[in-house]
Amino acid sequence: MEAVLKNVASTVELLAVTRTDKVEQWDTATVDKAFQWARYCEHIYTRFHTNPPVKEILEKHLLVTNEGLRTTFHGSHDTTFSDLSQCQYLLLVGLLNNPSLPRSIQQMLFNTQSPRHNGKESKDLTGHCIELIQCKSACKVFGALLSSTPSPHAEVQGMMLMERLDALLCTGSKTGLAEQYLDSFLQTSEGLNNISEVMVAALLTKKNDADAAGRVLLDFVLDWLLRNRSLIINMCSIFPVVILSGLALRFVKFRVAYCGLLKEFASNMEYDITEGEWVQTHHSKITFNDLSNHFRALFEACPTIKEDTMKELNHLKTSDGDFEVEGLSIWGDLLLELK
């Protein structure tokens with residue numbers, strides 16, 4: 001029994017460490033070992049939760065362990081006997097909420113293309129993360145599917161991204177480190193669609209604008225995002241207008257950039273006489289109908305931008321020859337569609 005008590009105490013101490021900057025030194029092997037000990041504690045709970053004498057001994061030992069951890073780690077959370085039943089979950093939450101978690105571990109946790117298997121009786125690390133996301137809230141998952149919001153997977157990544165950037169910006173150093181981190185995140189992400197979804201999820205994290213520091217963080221992320229045109233273009237191509245117009249409503253910088261990009265999409269269109277419709281001459285997938293829907297949603301979400309934009313479109317139509325015949329001016333046809 002002494003060995004069991006010692007192992008349980010060591011695992012509880014491990015959970016406390018996941019909330020500190022010591023995880024910066026963790027590698028794959030360390031994380032593997034941590035999950036092995038977490039599974040061990042879950043096994044102990046399963047074996048002894050119906051055995052009152054042993055359960056009482058474990059509960060008393062946990063009280064002593066928690067008291068010691070409160071002295072060692074400021075703000076340490078107590079671990080109860082019932083917590084042992086979900087020790088792997090608590091371990092994973094501690095890691096995901098820690099901005100000091102190495103980037104390599106983050107990638108491993110979310111790399112669904114290359115799962116790592118640790119044997120028949122244990123889940124791979126990717127499996128733990130996916131399970132956490134799935135169990136986070138079934139209602140939230142279905143809500144995301146219905147409203148086309150970023151996936152729960154992207155929400156967790158977005159949360160982690162903002163936590164890490166907040167930690168880098170709060171060090172008092174210049175923004176260089178945070179910019180390098182974002183650049184690295186862009187280079188190592190699984191394609192533009194993935195990072196676009198994560199960036200949107202990060203910007204939609206409601207708590208981030210609750211204080212001055214949160215607003216500085218959001219402003220920094222927006223500035224970086226707007227400097228990466230390929231990301232903005234991709235976001236307009238893959239996200240529904242309700243998401244983009246929501247971002248435009250919340251962030252003035254995004255609103256201006258979004259409106260300017262829509263006008264750029266229009267200027268890159270030419271009329272296909274054979275098809276009888278406006279088509280893109282560049283790589284964007286935005287169709288004329290898509291473009292019209294983007295403008296409508298933007299005007300509905302941000303009525304203050306509508307008047308000035310319509311005036312500008314009228315000016316562009318006049319400069320284009322002020323044609324009223326369909327197919328001669330993208331601006332004339334767009335105005336007819338929007339009126």
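## Surroundings of Thr-18

In this predicted model, Thr-18 is in contact with Val-23, Trp-26, Leu-91, Gly-94, Leu-95 and Asn-98, once its neighbours within four places in sequence are left aside. The residue itself is placed in the loop that runs between α1 (2-17) and α2 (28-48).

Is Thr-18 buried or exposed? With a relative accessible area of 0%, Thr-18 is buried, because that value lies under the 20% relative accessible area below which a residue is counted as buried.

## The β hairpin

Strand β1, residues 269-272, pairs with strand β2, residues 277-280, in the antiparallel sense, and 4 bridges are found between these two strands. Among the paired residues, Asp-272 has Glu-277 in β2 as its bridge partner.

Together β1 and β2 form a hairpin, with 4 residues lying between them. Within the turn of this hairpin, Gly-276 has a positive phi of about 70°.

## The protein overall

The secondary structure of the protein comes to 17 helices and 2 strands. The protein has 339 residues, of which 43% count as buried, and its accessible surface comes to about 17,800 Å², with 53% of that surface belonging to carbon and sulfur atoms.

As for contacts across the sequence, when those between residues at least 6 apart are considered, 65% join residues at least 24 apart.

Technical notes: Residues numbered from 1 in each chain as written. Predicted model: local features only at pLDDT ≥ 70, side-chain atom pairs only at ≥ 80, totals over all residues. Heavy atoms only, no water. Buried < 20%, exposed > 50% of the residue type's maximum accessible area, 1.4 Å probe, protein only. Contact = heavy atoms within 4.5 Å. Pairing = 2+ DSSP bridges. Areas by Shrake-Rupley, 256 points an atom, 1.4 Å probe, with all protein chains shown as cover.
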